[in-house]
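Biologist: I am new to this structure. Please take me through the terms used for it, one by one.

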Amino acid sequence: MDASPSFSTNGNNNTIPVMDLQKPDFSNLVHHWCRPARASSNDYADRFIPNRAATNMDLAQGLLSIPRKEDSTVGISPSREAYRKLLVDTLLQGRTRIFKFRNQPRTLKRSFLDLPPAQPIKKQRRIPHHPEESLDVQDIICNRQLNLLDWGSNNILAVAVNDTVYLWNATTKSVSELVTVDDPITSVSWDLDCRRIAIGLNNSHVQLYDPATNKMIRTLQGNDQDVLVGSLAWNNYLLTTGSADGLIINNDVRIRSPIVSTYDNHSDGICGLKWSPSGQYLASGGADKLVHIWDISKSDPLHRVNDHTASVRALAWCPFQSNLLASGGGKTDESIKFWNASTGACLKSVNTGSEVSGLLWNKSERELVSSHGRTKNQLVLWKYPSMAKMAELIDHLSPVLYLAQSPDGCQLASASKDETLKIWRTSEKLTNKTTSRTSFVVGPCNMYSSIR
């Protein structure tokens with residue numbers, strides 16, 4: 001039991017407290033000392049120094065003369081000392097003071113100057129899985145050797161439907177008729193600046209039209225045979241045509257005698273023609289399962305590759321690597337192959353699980369778009385060079401036969417055996433616009449578009 005404090009009197013009749021150093025108890029005294037005396041209304045205490053008039057100086061001197069508890073270890077039992085240390089460690093976590101007059105700077109483990117600069121957050125890309133536009137193209141010819149779509153740099157899509165060429169303005173969403181001819185149209189192609197549009201026919205003729213006046217400029221006769229012109233490709237003023245008999249003809253549209261050169265290296269019909277962006281190489285794919293790579297300065301093929309096991313119609317030159325060519329095989333092949341045009345080596349082959357009818361490179365990303373037949377009749381967006389599938393666009397009910405890309409690379413046009421033409425957006429955010437359907441109708445008033 002703790003001892004109570006005792007008091008003694010000196011000669012001056014002052015009472016001095018005599019404390020038990022072993023178990024001091026100042027609860028009553030401290031309470032009395034800390035209780036301020038009633039001061040007048042004119043007495044004001046300093047902010048940090050207590051009012052001396054309210055302080056019992058004798059008691060304060062006695063308290064100051066007593067050793068601190070942590071400095072006095074006399075009379076403290078080992079169990080009590082262990083309990084005190086445990087309490088300090090638990091509550092104070094090893095700290096000796098809770099409140100300090102001076103704040104110590106907090107030690108930073110790592111300076112913000114040492115941190116790497118923040119990387120900009122890339123905007124998440126959304127690829128809509130439904131077409132923005134759906135257009136009816138009644139009576140469109142379904143033939144894997146034809147090329148009936150081309151999207152010009154003027155943002156106008158040319159569509160050949162039987163014997164008529166229609167122009168769909170992607171900016172205004174309006175439709176107009178360019179021309180109606182006497183024979184079925186087998187191919188269409190804009191030149192680079194869209195001052196001319198070439199129309200291939202099934203009688204081996206090619207007609208050039210001025211889209212501004214809808215008037216024919218000239219007719220080019222490739223040969224005397226009545227064979228269809230299924231492929232067209234521009235290289236500045238050089239127009240290359242590929243026919244069903246495997247004949248390739250280069251025409252210079254600036255001169256009266258336009259035929260510049262003729263090549264005959266495909267045993268069957270030519271399904272696809274594409275010039276490289278530099279204009280140095282020409283790729284041709286045929287029904288004979290071959291891919292030829294031509295150099296503009298030579299009369300013989302630079303490379304002749306026969307790795308495909310079906311007809312080759314889909315050809316696409318890479319926009320960021322001038323000598324890289326992609327080709328797609330037909331029904332029994334179902335593969336996309338990549339070629340080095342300089343060496344003729346096959347760099348990569350990917351099995352898609354379906355016939356490849358079209359190939360297009362994305363102009364702003366390292367991506368490739370392919371169109372397919374059964375069983376999904378879809379468009380696939382691939383990441384190059386990993387060839388990982390980024391998206392599948394499925395809406396057609398029949399195999400996709402024709403594929404074209406907008407000049408900004410943000411939209412695709414696909415036409416199918418189901419007689420529909422669909423516009424897909426692949427590089428911009430999805431809008432709230434509802435999908436509209438437009439009909440291409442041939443009648444007494446030529447052509448009109450009706451929104452259903």
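Modeller: The largest pocket has a volume of about 1,300 Å³, a volume being the space filled by probe spheres set on grid points that are joined across faces, edges and corners. This is a predicted model, in which local features need pLDDT of at least 70, side-chain atom pairs count only at pLDDT 80 or more, and totals for chains, interfaces and linings use all residues. Residues are numbered from 1 along each chain as its sequence is written, and side-chain values use heavy atoms, with hydrogens and water left out.

Biologist: What makes a set of points a pocket and not a cavity?

Modeller: On a 1 Å grid over the protein atoms alone, a pocket is an open set with protein on both sides within 12 Å along at least five of seven lines, whereas in a cavity a 1.4 Å probe fits but cannot get out.

Biologist: Which residues line the largest pocket?

Modeller: Its lining has 44 residues, and Asp150, Trp151, Lys274, Trp275 and Leu360 lie nearest the centre. Lining residues have an atom within 4 Å of a point. Among the elements giving two or more residues to the lining are strand 4 (149–151) and strand 16 (270–275); strands are DSSP runs (E, at least two residues), numbered from the N terminus.

Biologist: Which residues does a cis peptide bond join?

Modeller: One joins Arg374 and Thr375, with omega about 15°. Another joins Tyr384 and Pro385, with omega about 10°.

Biologist: What makes a set of residues a nonpolar core?

Modeller: The members are buried Ala, Val, Leu, Ile, Met, Phe, Trp, Tyr and Cys residues joined through side-chain atoms within 4.5 Å. The largest such core has 37 residues, of which Leu157, Val165, Ile199 and Leu421 touch the most other members. Strand 5 (residues 156–161) gives the most to this core, six residues.

How values were computed: Buried < 20%, exposed > 50% of the residue type's maximum accessible area, 1.4 Å probe, protein only. Helix = DSSP H or I, 4+ residues; strand = E, 2+ residues; numbered from the N terminus.
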